Amino acid sequence: MKAVQYRAVGAAPEVVQVPVPVPGPGQLLLKVTAAGVCHSDIAVMSWPAEALTFPLPLILGHEGVGTVAAVGDGVVAFEVGDAVAVYGPWGCGSCAKCAEGKENYCLRAKELGINPPGLGSPGAMAEYMIVDDARHLVPLGDLDPVQAVPLTDAGLTPYHAIKRSLPKLVPGSTAVVIGTGGLGHVAIQILRALSPARVIALDVSEEKLALAREVGAHEAILSNAESVDAVRKLTGGKGAEAVFDFVGAGPTAATAGGCVAIEGDVTIVGLGGGSLPVGFGTTAYEASVTSPYWGSRGELLEVLDLARAGVISVHTETYKIDEAPTAYERLHSGAVRGRAVILPQE
Ligand code: NAD
Ligand code: ZN
Ligand code: ZN
């Protein structure tokens with residue numbers, strides 16, 4: 001079968017031929033219908049060898065949906081032919097966090113060498129993939145695979161971040177979204193669906209700002225040294241009750257800190273390597289700063305239900321598997337509008 005592999009540190013991903021895997025006891029084989037392209041893959045492919053916690057080559061793709069093609073011994077929850085979405089942050093299944101469905105915060109994954117698909121385990125950018133346990137699948141129902149696949153990360157990650165801050169997003173409040181790419185353009189829609197907050201989007205590209213407005217941002221302004229003043233002006237000096245930074249670089253973290261209201265939340269989602277110092281007089285009184293990772297299994301079900309309710313529409317660009325390296329190049333250069341999705345069966 002064809003698969004997209006990251007083969008050597010610093011090298012571009014390549015399309016290669018590998019054997020179709022065979023599911024062991026408790027595992028499932030998926031025929032992958034769609035796989036999403038996330039900016040985190042580009043971050044991982046920029047890491048030096050010492051930072052990689054898994055061996056290469058690696059089949060990329062941590063957003064995946066497909067149909068069950070075969071089940072290993074003992075699997076009863078799904079049958080061949082079922083349409084499913086992969087819950088990516090695999091954990092051990094038995095620690096206290098996993099027991100709550102928060103496998104993204106598994107206490108033992110590192111010690112046990114458990115890695116998400118596409119981020120250590122063979123991922124979804126292939127004609128077939130192995131899912132290690134039925135627990136890591138959720139029914140897709142009649143959701144469109146291309147629309148649904150970004151929801152497993154570009155939907156789930158912002159959903160988790162936003163849900164945490166919902167009590168602060170009361171009428172009259174403001175939410176700021178920094179970076180309106182794959183995650184950010186879904187975040188705007190989740191904010192509009194779940195809260196009465198006014199949404200201000202920030203990006204460096206006019207095309208992304210146009211997308212932000214199209215998906216529901218009330219204001220969309222350039223991200224630069226003047227952004228803090230602009231947000232303060234738009235909020236009558238008060239600032240934003242919640243700021244979501246989907247870039248996470250030094251300058252955007254500083255913008256996030258400068259925009260946040262007294263008692264507000266700053267959530268740094270992006271892997272841009274920046275940080276926000278917190279201290280008396282440095283940040284607004286009683287502001288909270290956090291950096292979450294992905295989301296829980298229960299939240300994935302909720303995001304899919306939100307899509308079924310018709311209030312999220314992911315903007316996608318589709319590519320054949322042979323074109324996956326081009327999709328990564330376009331994402332790297334900021335050219336992707338919404339989410340790039342690979343179709344391994346086309
Ligand atoms: P993307 O490339 O689709 O979107 C990034 C957007 O940020 C683009 O629209 C780009 O124009 C914009 N941008 C770049 N520099 C900017 C700046 N200085 N100010 C404002 N906007 C700027 O990327 P994505 O796939 O949506 O991922 C976004 C970030 O989230 C990445 O860093 C990714 O690694 C990270 N991520 C984190 C988690 C997590 O669990 N914490 C999960 C998924 C992705
Ligand atoms: Zn991701
Ligand atoms: Zn666990």
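Visitor: In which strand is glutamate 263 found?

Guide: Helices are DSSP runs of H or I with at least four residues and strands are runs of E with at least two, numbered from the N terminus. Glutamate 263 belongs to strand β13, which spans residues 260-268. Its phi is positive, at about 65°, although glutamate 263 is not a glycine. This is a predicted model, in which local features need pLDDT of at least 70, side-chain atom pairs count only at pLDDT 80 or more, and totals for chains, interfaces and linings use all residues, while side-chain values use heavy atoms, with hydrogens and water left out. Residues are numbered from 1 along each chain as its sequence is written, and chains are lettered from A and ligands numbered from 1 in the order in which they are written.

Visitor: Which peptide bond is cis?

Guide: The bond from leucine 56 to proline 57 is cis, with omega near 0°. Proline 57 sits in the loop between α1 and β4.

Visitor: In what order do the strands of the open sheet with β1 stand?

Guide: Two strands pair if DSSP finds at least two bridges between them. The order of this open sheet of 3 strands is β2-β1-β4, with antiparallel pairing. Its edge strands, β2 (14-17) and β4 (58-59), each pair on one side only. Strand β1 (residues 2-6) is joined to β2 by 4 bridges, and lysine 2 has glutamine 17 in β2 as its bridge partner.

Visitor: How many bridges pair β5 with β6?

Guide: β5 and β6 (residues 83-86) pair over 3 bridges in the antiparallel sense, with valine 65 opposite alanine 85 in β6. Strand β6 also pairs antiparallel with β8 (residues 137-139), again over 3 bridges; there, valine 84 has proline 139 as its partner.

Visitor: Which residues are the protein donors of the zinc ion (ligand 2)?

Guide: Donors are N, O and S atoms within 2.8 Å of the metal (3.2 Å for Na, K and Ca); water is not among the atoms, so sites may look incomplete. The protein donors of the zinc ion are Cys38 (SG), His62 (NE2) and Asp153 (OD), at 1.8 to 2.3 Å. Their spacing in sequence is C-x23-H-x90-D. Cysteine 38, in the loop between β3 (28-37) and α1, and histidine 62, in the loop between β4 and β5 (63-71), are 24 residues apart.

Visitor: Which residues come nearest to ligand 1?

Guide: A residue is near a molecule if one of its heavy atoms lies within 4 Å of it. Of the 27 residues around ligand 1, the nearest are His39, Ser40, Asp203, Ser223 and Arg339. The shell comprises 13 nonpolar, 10 polar and 4 charged residues.

Visitor: Where does the shell around ligand 1 draw at least three residues from?

Guide: Both domain 1 (2-153 + 295-343) and domain 2 (156-290) contribute at least three residues each.

Visitor: Which polar side-chain or backbone atoms lie close to the oxygen atoms of ligand 1?

Guide: A polar contact with the ligand is a pair of N or O atoms within 3.5 Å. A polar side-chain atom of aspartate 203 lies 2.7 Å from one ligand oxygen atom, and a polar backbone atom of tryptophan 294 is 2.7 Å from an oxygen atom of ligand 1. A ligand nitrogen atom is 3.1 Å from a polar backbone atom of proline 292.

Notes. A polar contact is a pair of N or O atoms within 3.5 Å; within protein, one must be able to donate a hydrogen and the other to accept it, and residues adjacent in sequence count only if both atoms are side-chain atoms. Ala, Val, Leu, Ile, Met, Phe, Trp, Tyr, Cys and Pro count as nonpolar, Asp, Glu, Lys and Arg as charged, and the others, Gly among them, as polar. Domain bounds come from an automatic or database domain assignment.
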